[in-house]
Amino acid sequence: MMANDRVNADFTQRVVISTETMPWIPSPQAGVERRMLDRIGDEIARATSLVRYAPASSFPAHEHSLGEEFLVLSGVFSDEHGDYPVRTYVRNPPLSRHTPRTGPGCTILVKLRQMDPGETDRVVINTASAMWKEGERAGVATLPLCAIPGRETVMLQRLRPGTMLEEVDCRAGEEIFMLEGELQDGHGQYGKGTWIRNPPMFRRALGSTHGATYWLKRDHLRPMP
């Protein structure tokens with residue numbers, strides 16, 4: 001990795017990180033730490049990170065000029081709009097504002113400054129109680145989170161043990177974050193906490209011997225100007 005303002009900033013390269021072995025880096029706010037996955041910029045950055053809040057910690061009120069998207073991985077994340085328990089997906093559109101806090105502590109997977117300026121809808125989905133959809137292929141279930149035609153698709157996906165998917169091209173790239181189980185492709189095997197960024201036109205075939213649940217974001221890594 002490079003300096004903190006340029007982390008995995010070449011989006012033509014594949015990146016695989018076992019995040020549970022990464023050090024936590026203190027943020028400017030006491031009680032808030034980060035594991036930086038990709039980043040372009042200093043404290044105002046296009047960024048993908050894991051962020052950990054200590055119990056009873058908070059973050060000052062701030063605006064997300066180009067939006068914020070996060071999935072709660074542990075604990076309960078809160079702000080003035082509500083409380084978001086583990087596995088809640090939240091999408092705060094550009095120019096939204098909030099004051100984050102937590103009672104018990106929490107960890108989130110968060111993406112900053114990666115939305116279209118014209119996006120206006122706020123999304124909150126508690127995936128622990130939402131309805132999954134069985135796929136056309138046996139052994140695959142999907143929980144849709146967000147779909148913006150021509151820009152991106154976000155979902156949770158679950159593979160039953162022994163499921164193997166056909167090989168496909170990631171035409172406009174994808175990101176995977178492993179939540180449970182193990183996932184494999186022709187390039188390796190990935191356990192809980194693994195973050196994968198596959199660049200545009202990367203070819204892969206996913207499968208799982210013992211079952212897997214993962215967050216999946218696709219079609220959002222078109223070449224950057």
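**Group meeting: a pocket, some rings and a sheet**

Okay, let's start with the largest pocket, which holds about 580 Å³ of space. A pocket here is an open set of points on a 1 Å grid over the protein atoms alone, where a 1.4 Å probe fits, with protein on both sides within 12 Å along at least five of seven lines. The volume is the space filled by probe spheres set on those points, which are joined across faces, edges and corners.

Before I go on: this is a predicted model, where local features need pLDDT of at least 70 and side-chain atom pairs count only at pLDDT 80 or more, while totals for chains, interfaces and linings use all residues. Residues are numbered from 1 along each chain as its sequence is written, and side-chain values use heavy atoms, with hydrogens and water left out.

So who lines the pocket? There are 25 lining residues, and Glu43, Phe59, His62, His64 and Leu112 lie nearest the centre; lining means having an atom within 4 Å of a point. Strand 5 gives the most, with five residues. Strands are DSSP runs of E, at least two residues, numbered from the N terminus. By type, the lining splits into 13 nonpolar, six polar and six charged residues. Charged means Asp, Glu, Lys and Arg; nonpolar means Ala, Val, Leu, Ile, Met, Phe, Trp, Tyr, Cys and Pro; the others, Gly among them, are polar.

Next, rings. Searching the whole structure gives four aromatic pairs. In one of them, Phe70 and Phe77 are tilted, 4.8 Å centre to centre with 55° between the planes. Rings of Phe, Tyr and Trp (its six-membered ring) pair if their centres lie within 6.5 Å; under 30 degrees is stacked, over 60 edge-to-face, the rest tilted.

Are those two buried or exposed? Phe70 counts as buried because its relative accessibility is 1%, and Phe77 is buried at 1% as well. Buried is under 20% relative accessible area, exposed over 50%, partly exposed in between (1.4 Å probe, protein chains only). Ring pairs also link Tyr53, Phe70, Phe77 and Tyr84 into a cluster.

Pairing takes at least two DSSP bridges.

Last, an open sheet: seven strands, antiparallel, in the order 2-21-18-24-15-14-13. Strand 2 (15–18) and strand 13 (133–134) each have a single partner, so one side of each has no neighbour in the sheet. Within it, Val16 has Ile196 of strand 21 as its bridge partner.

Definitions and conventions: Helices (H or I, at least four residues) and strands (E, at least two) are DSSP runs, numbered from the N terminus.
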